[in-house]
Every structure is written in C-alpha cells, then in structure tokens.
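Welcome! Here is a short briefing to read alongside the sequence and the 3D view.

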Amino acid sequence: MSERRHPAAGARKPVWRRPLPPRPPQPAPAPALPPGPGPGPAEAGSIVEAALYRDGVRVSSPGSLAETFRELREQPSGMAWIGLARPTEGELLSLASEFDLHPLSVEDALEAHQRPKLERYGDTLFVVLRAARYLDAPEEVDFGELHVFVGPDFVITVRHGAAPDLSAVRRRMEDSPDLLKLGPEAVLYAILDAVVDGYAPVVAGVQNDIDEIETEVFRGDPEVSRRIYELSREMVEFQRATRPLVGMLHGLMAGFAKYGTDEELQRYLRDVADHVTHTSERVDSFRQALQDILTVNATLVTQQQNAEMRALAEAGFEQNEEIKKISSWAAILFAPTLVGTIYGMNFSHMPELHWVFGYPFAIVLMAVVCTSLYFVFKRKHWL
C-alpha cells in the first residue's frame, strides 16, 4: 500500500470535513464513569493512543480522554484520532456525550459481535468492520472486530480483537501529511485499506490449506473430514466479513458527489473496493471448492468402505467353503467310526458277533456309507 500515490499538497479539502464552530469554553473535568475504579487506570487500560492533528501534523498526544476533549475544544480546527481497545461502558458514554454519538452506535460498539455495516447518524459515520489474520502455527483464521466513528473533527476506533494493527495505519498516515490533512475521511480510507490488505495473507493461507487438504483426501487421511469442516466454517465467517463490505464501499462511492470527497481519495476508495470484490470472489470460490472436496472425500470414503465390505464378504465366502469341506469330510469319517464303535462294544449277545461274514459285512457297510455321503456332498458342491 505504500506504493500508492498520495494526494498532492494543497489539494482541496472535502466539504464533508468541514470544521465545527468553536465549542463554548467550559471546565475540563474528568469524564463521569460508573462507580468503581477511578478513570485513570480504566483509561490507561483501554486507550491505545490518542492524538490531535492540524493540517496533517500531530500537534499533541493527550494522555486521557478528558485531556483530549479539552485540547480539541482549544483547537477547533484540529482533528482528534482516538484509538481504544475493549473500552469500558463509562469511556464510551463519555465519548458519546462529548461527540454526540448516537446511542444505537454506542450500544453496538459496546456489545460487539456485529455484522459489517455502515450507518450515518447526522454528521457522524459509524462503520463496523471484521478484520482477519491467518495464524500459521494452528493453521486457522482469527477474526477481530473494529468499530469506527468518523465525525467532522474526530475519528474514534474501538477494537475488539488483535487485528488490524492500527498503530501501523497511524504511522503511515503521519508519514503522509498531505493525505492526513484531508481529515477524518482520509483516516477512514486508511483503516479500510488496512483491513482489506489484511485479507490477502488470509487468502494465501487458505489457498495453501486447500491444496494440502486435496492431497490428504486422495491419500486417505482419516482426519481430513474434520479439517474440511473447520475450514468451511472459517470460510463462512470470512464470507460474512467480506461480502457486506462490498456494498458498504459502493455506498461510500455513491456519496462522493454529495459530500464533496476529494478526487484523489475517490480513486483510493475505488481501489479498496476492487480489492474487496476480488477477495469476496475468492472466498466464494473457496467455499465451493471445499464443498466439492467434501463431496469427493465422501465418495472416496464410500468406495473404500464398499471395498472393505466386499473383501470381508469374499473372506466370509471362502471361510464358508472351507467349513463345508471340513464338515463333509467329518461326516464321511463319522460313518465308519459309528460302525466300528458299535461293533467294538464287546457285548456277549450281539447280532452277527460270531457270524463268519460279520467283519467283511462291517467293512462293506462302512465303504457304502462313506461313498454315499461323498457323492451326496459332491452333488451339493460341498466337495
């Protein structure tokens, strides 16, 4: 993003960035907070950075909200840029009182978990963005939420999550005073640009994950189904973050003429809109690819299960054939055993016991029974 050309010095300020009339002088007490810890520790924990700018140059770095309010009143032509991270309800209420923020926007910023949107309340824009970053170690996408209040002489960012790195955005803008002097609208552009640029590493990481998943699918990895599901769920969340942003940027572009947006800044916003559209299309393609991969994986799993069932059936058939053979020979061998056992009981009074042809008769009887059983089993294809 640093390669983009910034507006030339002396470019016309947009009408939307008109200065407010000086506020009436009044004492500067610390903002009222709910009962609990004093305002000092609370502010120190949630104020990431606060600064006042005039003509694109930082003129002050207040250490608290009260000091920021006081200095902004003393410099009505300046601009305040306040960065907060998970602020308390008291801090948001003090900001709402100072800058006339709409209660609905304050409620959304406090509760978080909002969908990306753009709302206009009088001279104040309220923007909700979903930032994303790719975590290499767990190979997953981490989503953050950013709320931005943009007024005629102030920008307030409320961050819920680690992304994006707004300190880098602030440094970039301070290094480009010609861009920063365009006012809050230019800061909003820089924030949008940072959020959208943060999607590029996520897209690259997800593409790499999909390539790995395709390899695992055809390798037959049993854990691949779980990975496909988890990545599909992340892509649903990613789609929710990018798709509304397309409409939001087109809404901003539709108001270029009405609010007198600087022409060079219009080009930058259109460039951001192009990047968002491209990212949204990639996310849509990722979801479709994951659905196709899941279908292919289900087909391969079904084929593998069918092959295993077929192998089990063949093994069972072979075992059944062997059992038939064993049973047949056992039956054949049982016949002479039965005859021999009967005539081997050695009772004194048994038929044919003293018959001359008794032994040959027993042998022939055994042979006849065994041969008959053999042909019976042979006809039934057991042998």
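Predicted model: local features only at pLDDT ≥ 70, side-chain atom pairs only at ≥ 80, totals over all residues.

Residues are numbered from 1 along each chain as its sequence is written, and side-chain values use heavy atoms, with hydrogens and water left out.

**Salt bridges**

- A search of the whole structure finds 16 salt bridges, each being a side-chain nitrogen of Lys or Arg within 4 Å of a carboxyl oxygen of Asp or Glu.
- One of them pairs R58 with E174, at 2.6 Å from N to O.
- That pair links distant parts of the chain, 116 residues apart: R58 sits in strand β2 (residues 57-60) and E174 in helix α5 (residues 166-174). Helices (H or I, at least four residues) and strands (E, at least two) are DSSP runs, numbered from the N terminus.
- R58 is partly exposed at 27% relative accessibility, and E174 is partly exposed at 28%. Here buried means under 20% relative accessible area, exposed over 50%, and partly exposed in between (1.4 Å probe, protein chains only).
- E212 and R227 form another salt bridge, with their closest N and O atoms 2.7 Å apart. E212 lies in helix α8 and R227 in helix α9, so this pair ties together parts 15 residues apart in sequence.
- R227 is buried at 17% relative accessible area, whereas E212 is partly exposed at 29%.
- Within helix α9, E230 and R226 lie four residues apart, about one turn of the helix, and their side chains meet in a salt bridge (3.2 Å, N to O).
- Salt bridges that share partners join E139, D209, E212, E216 and R227 into one network.

**Pocket and cavities**

- On a 1 Å grid over the protein atoms alone, a cavity is a set of points where a 1.4 Å probe fits but cannot get out; a pocket is an open set with protein on both sides within 12 Å along at least five of seven lines; lining residues have an atom within 4 Å of a point.
- The largest pocket holds about 240 Å³ of space, a volume being the space filled by probe spheres set on grid points that are joined across faces, edges and corners.
- Its lining has 13 residues, with E139, E140, E230, L231 and E234 nearest the centre.
- Helix α9 gives the largest share of this pocket's lining, six residues.
- Five residues of the pocket lining are nonpolar, none polar and eight charged. Ala, Val, Leu, Ile, Met, Phe, Trp, Tyr, Cys and Pro count as nonpolar, Asp, Glu, Lys and Arg as charged, and the others, Gly among them, as polar.
- The structure also holds two cavities of 30 Å³ or more.
- The second largest cavity is lined by L118, V127, L188, L192, M248, L249 and L252, a lining of seven nonpolar, no polar and no charged residues.

**Buried helix residues**

- In helix α2 (residues 65-74), seven of the ten residues are buried, including L65, F69 and L72.
- V276, in helix α11, is buried at 0% relative accessibility.
- The C-alpha atoms of V276 and L192 are 9.8 Å apart, though 84 residues separate them along the chain.

**Surface patch**

- Helix α11 (263-342) and helix α12 (358-379) each supply at least two residues of a nonpolar surface patch, and α11 gives the most, three.
- L365, in helix α12, is partly exposed at 32% relative accessible area.
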